[in-house]
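Take a moment to look at the model before reading on.

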Amino acid sequence: MTYIEKPVVPKVIKFEEPTAKEYKLLNMMLNTGSDIYQGACKKRGSTCKDEYRKVCGVAYMDPKDMAKLGVTNWESVKVTTDWGEVIVSAVHSRDAPHEGTIFIPKGPWANVITSHETYCCCDPTYKGIYCTVEKSDEEVLLMADLMRAVYKKYVEDEEGIPELESLGEMPVFKKK
Amino acid sequence: MAYEPPVTDYDEIVENCTCAFCGCNCDDLDFLVKDGHVVGVRHACRLGASKVMEDMDQRLLVPMIRDENGELQEVDWDTALDKAAELIAGAVRPIFYGWSETSIETMKHGIRLGELVGAVLDNQATICHGPSLQAVQNVGYPVATLGEIKNRADMIVYTGSNPMNSHPRHLARYTTFPRGWFRQRGRFDRTLVTMDPKYSDTAKMSDIWIGFEQNGDYGFYNAIRAALKGKEIDQDYVSGIPKEVIMELAEKMKNVQFGALYFGLGLTHTLSKQRNIDMAIEMLTDLNEYTKWVLTPMRGHFNVNGFNIFMAYEMGFPYGVDFCRGYQRYMNGETNTIDLLTRKECDVFMVIAADPGAHYPGGAVKHLAEIPVIQVDIHWGPSTEIADVVLPGSFIGVECGGTSYRMDGVPIYMKKAIDKPETCRDDEWIIRELLERVQKIKDEEAALASK
C-alpha cells in the first residue's frame, strides 16, 4: 500500500475567534495545482475510485473561513466562479493560515470552475480566480458521474442526469 | 499513518530503473518483481512508487470503441485502429495532444502522422510550462544540469513551485540535501529559499520563505531587480513584502557563490504568465553581474521536456506546432490546444499518454464532448469517459524502453523491467500502425481522385 484512502488533514478545534460571525457565502480566491495525494492517486490510475474524490474533490480552506461558514472537515461546500460551479468537500488546510484563499488540487472537480482564458499566452488561468463558497447539502460526485453530469457527452436525456444510477468505482464497458 | 512493513515477498530485483513520473527522472530505482508485476519500488518517492505500482483495476487492457448507445465496447485491434485511422484521415483540423508520458521514439512516428494529415502537435507544456518556453524565447535561458547544482550551488530558490509535493526527490537527490564536490556538508552548506504565496510543504522546511501576495510575482521580481541595480524602492511594501526584506534578500542573493532558481506553475498560471518568467530570468541576468546564477523550470512529466526539445530540433518550434498549411507554424494563442478547443476549431482530437479530461479547464473539455476523441493511454481516467476510441498502450520505463529528457535537458534511456500485458501494444507500434493505415486511406483517395 503506497497510498491512503484520504488525505491526512488537521482538525483545528480551537479558533482564535470562537464567536466568529457566521456567513452564508464567502468571497474567496481560488487556486488550483498539484498536491502529493492528488499526484499519487492520479498517476497510480485510481481515478474512478472514492480515493480520487477524496484527494481531488476537496477544497483546502483556512480553519477560520470554515468556522465562518459553519462547516467541519469533509462537509460539502459549493464553489462558484464565472465559469461554473462544483460541489467539493471542505477540509482544514495544512498550509494555513491563508484566510480568503481556497486550494483545490488539480483534477476534474477543480477544472469545472477554472478559467479557460489564455490571454493569447497558450496557458489557461488556473490560479487566482475569484470565487464564492457556500455550504451545501449535496454529495461530491465520483469522477465518472461528474464527467457525465458536467460534459453530458453520451446522455440523451440531459434533464434526467441526477436520477441516473451512479457509474460506480470501476470502469464500465462491454466485454467481448 | 499506519506502519508499512518492507516488501520481502518478491522473485527478483531489477536494478537501476528510471522513474517515469516527474521531470527529475531519478535513474536509481530498484523494482521488486513478483509474477511479472512490480510489487515494491526502492528509492522512489511516494509519487514514483505509486505510479510504478499501478492500479491494475483501471489498467486499459483491450481496445474499445463507443457503440451507438454511448457505451464502450471491447473490439479487436484491427477494428479499433481502422476506426481511429478513418477518423484521423477524415479530419479537417485534428489535434494530436499529449506525448509527455511516452518515448521520443513514439514522437518520431507522431510527427510523420501530423505532417501527413496537417495536424496540430501539442504537448502538456501548453497547459503548464508554455509561458516558460515563451520567456526563454524572449530573454534567454541560463541553464545548468542538476549535477552541477548538486556539486556547486549554495543557494537554492524555489519560486511558484512546491517540489515537496510535486517533485519530492528534487531536494533530496539534486539540490538541497546531497553532499556535493564543493558542498561537503550538504544541507548545511546551502540556503533554501521559497517564494510562494502559499506556506507550502517546501516553504515549511526552507530557511527563508517569502510569501508575497497572490499575483504579486511580477512586482516582487521587479523590486528585487531595482534593489540589485542600487535603485531606491519608493514604496514601503511591494507585493506585500516590506522594502527592507527585499533589500536584504537582494544582498544575500548577490553574495552567494552559485545560486540556482527553480520556478514552477505558480508563475505560469497567474495573470502575468510569461512576463513573470521574463522578469525572473532578467533578475538572474542582473545577478550574474555579481555572481553565478542559473535557472531551470520544474517540468512536470518525465518527458515533457523531451517533446519540446525534440520538436524544437525537428521543426524549430517547441510545442503547438501546426502543420495544416503543409509546413510548420507556431503562433501563441492561435495554434495552441486550449485556444483551438475554446474556439471550437478542432474536429478530431487524439490524446496520447495525457489526461485532458482531468487537466483541461471545463471550457475546453466542453468542446471535446462534441467531437470524436481517440485515446492512447495505459489507465482508465477522466479522458476515457469522453473518448470514442480507446487504444491501450504500454508503460514506458517499466514495460517498454524508450528515451526521455530530464527537466535540465539530459537525455536518459529508460529500460524495460517487466513484460507488458499480452493484449496491450507499445505506443510506438500503435502510432506507426495509425500512420500506415492513414497513409493507405490517403493513397486510395489520391488514386480515386486521379481517375
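The axes of α2 (residues 77–89) and α18 (residues 427–450) of chain B come within 9 Å and cross at roughly 60°.

Residues of α2(B), including W77(B), L81(B) and I88(B), meet residues of α18(B), among them W429(B), L434(B) and I441(B); contact means heavy atoms within 4.5 Å.

## A helix largely enclosed

Now find helix α12 (residues 274–287) of chain B, which has 14 residues. Eleven of the 14 are buried, so α12(B) is largely enclosed by the rest of the structure. Buried means under 20% relative accessible area, exposed over 50% and partly exposed in between (1.4 Å probe, protein chains only).

Among the buried residues are I277(B), M279(B) and L284(B). Their cover includes α4 (130–139), α9 (217–228) and β13 (258–263) of chain B.

## One arginine on a strand

R42(B) sits in strand β3 (residues 37–42) of chain B and, at 34% relative accessibility, counts as partly exposed. Beyond its neighbours within four places in sequence, R42(B) touches Y10(B), I13(B), D28(B), L29(B), D30(B) and L32(B).

## About the model

This is a predicted model, where local features need pLDDT of at least 70 and side-chain atom pairs count only at pLDDT 80 or more, while totals for chains, interfaces and linings use all residues. Residues are numbered from 1 along each chain as its sequence is written, chains are lettered from A and ligands numbered from 1 in the order in which they are written, and side-chain values use heavy atoms, leaving out hydrogens and water.

Conventions: Axes are lines fitted to C-alpha atoms, for helices over the stretch in contact, and angles run from 0 to 180 degrees between N-to-C directions. Helices (H or I, at least four residues) and strands (E, at least two) are DSSP runs, numbered from the N terminus. The expected span of a helix is 1.5 Å times one less than its number of residues.
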